[in-house]
Amino acid sequence: MDGTMEWVERRRLDEDEESIRLAIESYVLVRGLQSAAGQKLNGRLGKLLKKRPNDDGRFPVEIDDPSFRGAGKLLKEVNLQRLTREDLCQTYLLPDHKIQFWPRMHSMFTLCDVRGNSPVLAICDFPVMVSRLHDGSNMDNQWATWMMIDP
């Protein structure tokens, strides 16, 4: 492998590691809540809105579920379980051509039809779910519609 290819591979691995680190630092599983309302959140994925707790020792967390969308919760650290590398899956971001890691239990994976929503790709026996993320990011998934597939 020449020096340029080695540099490209090292850079890609560094970007992968950064994406993994960001996902692990950003997402948590909610656990151990006792109240009736809190028990509905147990086992759900949450995104930390701040890395440090407030004065009461609670972290602001946005629950990754459409029924809780926009409703941030303040949760104690004891009720937050950090993710591990095994909790993540690799995705490919268009148009940036970057690999990103997301929690496997993220709603973009769990709240979709396993057959996908692209009829053309379904004909090819390649189910793909194309959707817009509603997480405040600037990622625009409409680029995926530019894929040209000829069955």
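Q: In this predicted model, are Tyr27 and Trp102 buried or exposed?
A: A residue counts as buried under 20% relative accessible area and as exposed over 50%. By that cut-off Tyr27 and Trp102 fall in one class. Both residues are buried.

Q: What kind of aromatic pair do Tyr27 and Trp102 form?
A: The count of aromatic pairs comes to one. In the pair of Tyr27 and Trp102 the ring centres lie 6.3 Å apart, with 50° between the planes. Planes under 30 degrees apart count as stacked and those over 60 as edge-to-face, with the rest tilted. The pair is therefore tilted.

Q: How many residues apart are the two members of this pair, Tyr27 and Trp102?
A: Tyr27 belongs to strand S1, residues 27-30, and Trp102 to strand S7, residues 98-103. The pair thus links distant parts of the chain. The separation is 75 residues.

Q: Which residue in S2 stands opposite Tyr27?
A: S1 pairs with strand S2, residues 45-48, in the antiparallel sense over three bridges. Within S2, the residue opposite Tyr27 is Lys47.

Q: Which residue in S3 stands opposite Lys47?
A: S2 and S3 also pair in the antiparallel sense, over three bridges. The residue of S3 that stands opposite Lys47 is Glu62.

Q: Which element gives the largest share of the largest nonpolar core?
A: The largest nonpolar core has eleven residues, among them Val28, Val30, Phe59, Val61 and Ile63. The elements that give two or more residues to this core are S1 and S3. The largest share is three residues, and it comes from S3.

Q: How many residues has the other core, which lies apart from the largest one?
A: Its members include Ile20, Leu45, Tyr27 and Trp102. Tyr27 and Trp102 are also the partners in the tilted aromatic pair. The number of residues in this other core is ten.

Q: Why does Asp64 count as buried?
A: Asp64 lies in the loop between strand S3 (58-63) and strand S4 (72-76). The cut-off for a buried residue is under 20% relative accessible area. Asp64 counts as buried because its relative accessibility is 13%.

Q: Which residue has its backbone nitrogen 2.6 Å from a polar atom of the Asp64 side chain?
A: A polar contact requires N or O atoms within 3.5 Å. The backbone nitrogen at 2.6 Å from the side chain of Asp64 is that of Ser107.

Q: Which residues does Asn79 touch, not counting those up to four places away in sequence?
A: Asn79 is found in the loop between S4 and strand S5 (80-82). Asn79 is buried, with a relative accessible area of 11%. The residues touched are Leu29, Val30, Arg31, Gly32 and Leu33.

Key: Residues numbered from 1 in each chain as written. Predicted model: local features only at pLDDT ≥ 70, side-chain atom pairs only at ≥ 80, totals over all residues. Heavy atoms only, no water. Helix = DSSP H or I, 4+ residues; strand = E, 2+ residues; numbered from the N terminus. Buried < 20%, exposed > 50% of the residue type's maximum accessible area, 1.4 Å probe, protein only. Polar contact = N/O pair within 3.5 Å; in protein donor to acceptor, adjacent residues only side chain to side chain. Phe/Tyr/Trp six-rings, centres within 6.5 Å; stacked < 30°, edge-to-face > 60°. Contact = heavy atoms within 4.5 Å. Pairing = 2+ DSSP bridges. Core = buried A, V, L, I, M, F, W, Y, C linked by side-chain atoms within 4.5 Å.
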